[in-house]
Amino acid sequence: MIKPLRIHPKLHGVDHTARPTWKLRDTVHFYRDILGLPLVHCISAKGWGRENENHADFLHFFFDSGNESTIAFFYYIGTEQPPELVVPKGYMAMANHTAWRVETEEELLEWQQRLQGHGVNVSQFVQHEVIESIYFRDPNWYPLEITRSLRDVEEPDALDATATIEAAMDLEEHGGWKSVEQLWRNKVKFVQASQIEYLEKASG
């Protein structure tokens with residue numbers, strides 16, 4: 001008996017991201033009044049959670065961030081921010097961020113000027129490969145980014161990404177690695193495999 005081909009489920013974009021806040025008024029002012037994101041929904045609820053967990057009552061509120069997505073926050077009533085949830089400084093903390101998209105350089109400049117006009121510390125334009133971005137933080141110190149595309153991401157980009165990640169996982173599996181130079185050297189064999197795969201697809 002021939003088994004039917006399995007169709008993988010698909011995602012259709014980001015619905016929302018969510019983080020906790022202990023600065024209710026500052027958070028609302030920043031997202032609604034400075035960024036101009038409409039406040040579109042708020043859940044007020046009794047505490048819930050796992051059995052025997054002392055879950056605080058809370059607000060869960062949402063701002064429209066465009067293209068049918070929202071950015072949301074939890075405000076846990078009557079609680080203090082735990083030390084482990086204080087957002088640290090430094091480049092590693094910047095990895096946990098939200099990035100919004102604009103279409104043009106002019107729009108990116110308008111956002112930079114708007115934020116600066118409200119006293120927000122904003123980076124200069126930063127280009128990295130296929131995008132150009134500005135970076136800033138909200139009142140909770142959460143990192144934020146607004147970015148525009150410099151070019152389309154195409155199949156050769158995906159093939160290169162596959163070779164890069166396969167080479168990195170190979171190094172991790174065999175004792176780890178200390179520098180990107182090790183990755184570049186190890187990547188050669190995976191690039192060759194990707195090139196063969198690309199040529200086979202191109203030839204039909």
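The legends below accompany several close-up views of a predicted model.

The model is predicted, so local features need pLDDT of at least 70 and side-chain atom pairs count only at pLDDT 80 or more, whereas totals for chains, interfaces and linings use all residues. Residues are numbered from 1 along each chain as its sequence is written, and side-chain values use heavy atoms, with hydrogens and water left out.

**View 1. Confidence across the predicted protein.** The pLDDT, which is the predictor's confidence in each residue on a scale from 0 to 100, averages 91 over the protein, and 91% of the residues score at least 70. Where pLDDT is low, the predicted coordinates should not be read in detail.

View 2. The structure holds 10 aromatic pairs, a pair being two rings of Phe, Tyr or Trp (its six-membered ring) with centres within 6.5 Å, called stacked if the planes are under 30 degrees apart, edge-to-face if over 60 and tilted otherwise. In one of them, Phe30 and Phe136 have ring centres 6.4 Å apart and planes at 45°, so this pair is tilted. The pair links distant parts of the chain, since Phe30 belongs to helix H1 (residues 24-34) and Phe136 to strand E7 (residues 131-137), 106 residues apart. Phe30 has a relative accessibility of 4% and counts as buried, and Phe136, at 2%, is buried as well; buried means under 20% relative accessible area, exposed over 50% and partly exposed in between, with a 1.4 Å probe and protein chains only. The rings of Phe63 and Phe73 also have centres 6.4 Å apart, but with planes at 70°, so their pair is edge-to-face. Because Phe63 lies in strand E3 (residues 58-66) and Phe73 in strand E4 (residues 69-76), this pair ties together parts that are 10 residues apart in sequence, and both residues are buried. Ring pairs link Phe30, Tyr31, Phe61, Phe63, Phe73 and Phe136 into a cluster.

View 3. Four strands make up an open sheet in the order E1-E4-E3-E2, with mixed pairing, where two strands pair if DSSP finds at least two bridges between them. Strand E1 (16-20) and strand E2 (39-45) are the edge strands, each pairing on one side only. Neighbouring strands of this sheet are turned by 20° against each other on average, direction ignored. The pairing of E2 and E3 is antiparallel over 6 bridges, and Leu39 stands opposite Phe63 in E3. H1 lies across E3 and E4 and runs at about 15° to E3; axes are lines fitted to C-alpha atoms, for helices over the stretch in contact, and angles run from 0 to 180 degrees between N-to-C directions. The buried residues of H1 are Thr27, Val28, Phe30, Tyr31 and Ile34, and they pack against E3, E4, strand E5 (98-102), helix H3 (105-117), E7 and strand E8 (143-149), contact meaning heavy atoms within 4.5 Å. Gly36, which follows H1, has a positive phi near 75°.

View 4. Strand E6 (residues 126-128) runs antiparallel to E7 and is joined to it by 3 bridges, with His128 opposite Ile131 in E7. The hairpin of E6 and E7 has 2 residues between the strands, and Glu129 in its turn has a positive phi of about 55°. E7 also pairs with E8 in the antiparallel sense, over 7 bridges, and Tyr135 has Glu145 in E8 as its bridge partner. In this second hairpin, with 5 residues between the strands, Trp141 takes a positive phi near 75°.

**View 5. Asp157 in helix H4.** Asp157 is found in helix H4 (residues 155-173) and is partly exposed, with a relative accessible area of 22%. Leaving aside neighbours within four places in sequence, Asp157 is in contact with Arg151 and Asp152. The C-alpha atoms of Asp157 and Val130 are separated by 10.0 Å, although these residues are 27 residues apart along the chain.
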